[in-house]
Amino acid sequence: YLSRPESGTPFDITSASLDTSISSRDPNPQGIAWNNDGSRFYEAGNDSQKIFQFSVSTPFDIASASLDTSISTQDSDISGIAWNDDGSRLYEVGFDSNQIYQSTLSTPFDISSASFDGYINVQDSFPVGIALNNDGSRLYELGGGGNKIYQSILSTPFNIFSASFDTSINTQDSHARGFAWNDDGSRLYESGTGSDLIYQSSLSTPFDITTASLDTTINSQEQDPNDIAWNNDGSRFYQIDIVQDEIYQFQVVTPARWEEFA
């Protein structure tokens, strides 16, 4: 037996190779998210106007996902979802009413326990994604109208009603559709249908978009990439496609293993 070493670099899209894919639950999937330990996976569907919750028997492996439940979205044109750090709050964004919605959950990461709190207006006329930083002090909105990422400061962590607009930057793609952070805010990722690329940028100041500098790009798996996400350690990367209605899983880091060689 010989040892095959670990390969790939966490949170580096250039290390990504397609692992598997599943069909999306909705024919027009717009958003994806995970809970903290990879035991649950979420899909936001525009046509059905629902958020779907899946139980995942093998953490962060979409091939082991089975539908658990669903709830109606707050917006009839949902375009993105996000969680706070402990699953007690769920956030949605939509371009029908152009609002960001906040709900509180009595059972962490269980969407069936969500109770609607309220909403705030967005910065862009066509919002297509939302995210927060690790400690809830910053809120981000991806705007497909102005092709910008907007950064707001939250005076009360993870409470969108305390948000005040801070700054914005131009997106890398002319038709931005998805974005995500790595674990510590040192890298920002975008996807877009203008060039059908995934973009990776490095930040000199964590979670401050004004310090972002483009590193590299890779081709998306299919035309019209939509939302993107990472698992918690950067070993897997996920992409939704709205043409093939697929959710793709990429292996970024291949674990070391023992193999028998003749």
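**Legends to the views of the predicted model**

**View 1. Burial and accessible surface of the protein.** Of the 262 residues in the protein, 52% are buried. The model shown in this and the following views is predicted.

**View 2. Strands and overall dimensions of the protein.** The secondary structure consists of 22 strands and zero helices. The radius of gyration is 18 Å, close to the 18 Å that the globule rule gives for 262 residues, so the protein is as compact as a globular protein of that length. Along the principal axes, the C-alpha trace extends over about 65 × 40 × 35 Å.

**View 3. Contacts across the sequence.** Contacts are considered here between residues at least 6 apart in sequence. Of these contacts in the protein, 45% link residues at least 24 apart.

**View 4. The largest pocket and the residues at its centre.** The volume of the largest pocket is about 790 Å³. Its lining comprises 32 residues; those nearest the centre of the pocket are Trp34, Trp83, Leu132, Trp181 and Trp230. Two or more lining residues come from each of the elements β3 (29-34), β7 (78-83), β11 (127-132), β15 (176-181) and β19 (225-230).

View 5. In the lining of the largest pocket, 19 residues are nonpolar, 10 are polar and three are charged.

Terms used
Residues are numbered from 1 along each chain as its sequence is written. This is a predicted model: local features need pLDDT of at least 70, side-chain atom pairs count only at pLDDT 80 or more; totals for chains, interfaces and linings use all residues. Side-chain values use heavy atoms; hydrogens and water are left out. On a 1 Å grid over the protein atoms alone, a cavity is a set of points where a 1.4 Å probe fits but cannot get out, and a pocket is an open set with protein on both sides within 12 Å along at least five of seven lines; lining residues have an atom within 4 Å of a point. Grid points are joined across faces, edges and corners, and a volume is the space filled by probe spheres set on the points. Helices (H or I, at least four residues) and strands (E, at least two) are DSSP runs, numbered from the N terminus. Ala, Val, Leu, Ile, Met, Phe, Trp, Tyr, Cys and Pro count as nonpolar, Asp, Glu, Lys and Arg as charged, and the others, Gly among them, as polar. The radius of gyration is taken over C-alpha atoms; the globule rule is 2.2 Å times the number of residues to the power 0.38. Buried means under 20% relative accessible area, exposed over 50%, partly exposed in between (1.4 Å probe, protein chains only). Contact means heavy atoms within 4.5 Å.
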